[in-house]
Amino acid sequence: MTKTAERRPVETAAAHPVPAPPPAGDRRRRRLADQARAYAFLLGGLACFALFSWYPAIRAVVIAFQKYTPGSPPEWVGTANFTRVWHDPEFAAAWRNTLTFTLLALLIGFAIPFVMALVLNELRHAKAFFRVVVYLPVMIPPVVSALLWKWFYDPGAGLANETLRFLHLPTSNWSNGADTALVSLVIVATWANMGGTVLIYLAALQSIPGELYEAAELDGANLLQRIRHVTIPQTRFVILMLMLLQIIATMQVFTEPFVITGGGPENATVTVLYLIYKYAFLYNDFGGACALSVMLLVLLGAFSAVYLRLTRSGEGDL
């Protein structure tokens, strides 16, 4: 006697009905509620940014066209502040020193991090240790770093001249000499800020496919040829971005001349930002300080526009 096959009930769409989608009005309200919650979380950050960044910048532009003295009502003077600052003898010296500092920083402080990244990339042992050593100066507060180098540059008992005396080499005035002060500050800025640049270069180098180097070696390329034809072309976008950022940063140098040299000797290290400080807090001329700030803002805005344009276009458009 055969067994009859067990029949299972056939599942139909009626047994498991598909829930109806919510009405369009509910979906719209839910989306608006999500957006409102997101903007509520951003509100605190936006408020701080507007209070401490946007408002001071807009206020500085307004004061640049006013005769502003604390405790007295401002007086609209048009472009008189710009004219007075332009004819200040320190104005030309400040811009010359700033541009020279930027150029020296590109020549000295732009090549050294790239070379150090190349060396770190070739290491086989203790990579993590040397990365920490290279990045350590970045973690030191800028004022502490400047004070350390001020003692290092002391023409009397400073470590730099003591080392030169020990090696029976001629000493230098370093930051106290009009001819050597600006170069000394460039060395300080390079030492203090190159750690982050080295790590960015190192990340870019490690992203280069190894097959390119293998193909170059098979073609008989030596080390310098591999760097020229493989490393630099593959990292040109990062190099250009860091160069623009370095120009923007070095044109705002302030801590080193303020702490180490005080703008001297003979105004050899007065920079634009340091001159702004002098106008505001030594001369009590806030209109002139803001006028000079607007000039610097326009120049840095041009470099920033180039930077944003290149970052939006991407590496493939270079």
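Hi everyone, this short talk covers the packing and the pockets of the structure above.

It is a predicted model, where local features need pLDDT of at least 70, side-chain atom pairs count only at pLDDT 80 or more, and totals for chains, interfaces and linings use all residues. Residues are numbered from 1 along each chain as its sequence is written, and side-chain values use heavy atoms, with hydrogens and water left out.

Let's start inside. The largest nonpolar core has 26 residues; such a core is a set of buried Ala, Val, Leu, Ile, Met, Phe, Trp, Tyr and Cys residues joined through side-chain atoms within 4.5 Å. Buried means under 20% relative accessible area, with a 1.4 Å probe and protein chains only. Which residues touch the most other members? They are Trp95, Val272 and Leu292. Helix H14 (286–313) is among the elements that give two or more residues to this core, and H14 gives the most, eight. Helices here are DSSP runs of H or I, at least four residues long, numbered from the N terminus.

Is it buried or exposed? Threonine 98 is buried, at a relative accessible area of 0%. Leaving aside neighbours within four places in sequence, threonine 98 is in contact (heavy atoms within 4.5 Å) with Met251, Thr271 and Val272.

For the second largest pocket, H4 (111–122) is among the suppliers, and H4 gives the most, five residues.

Key
Buried < 20%, exposed > 50% of the residue type's maximum accessible area, 1.4 Å probe, protein only.
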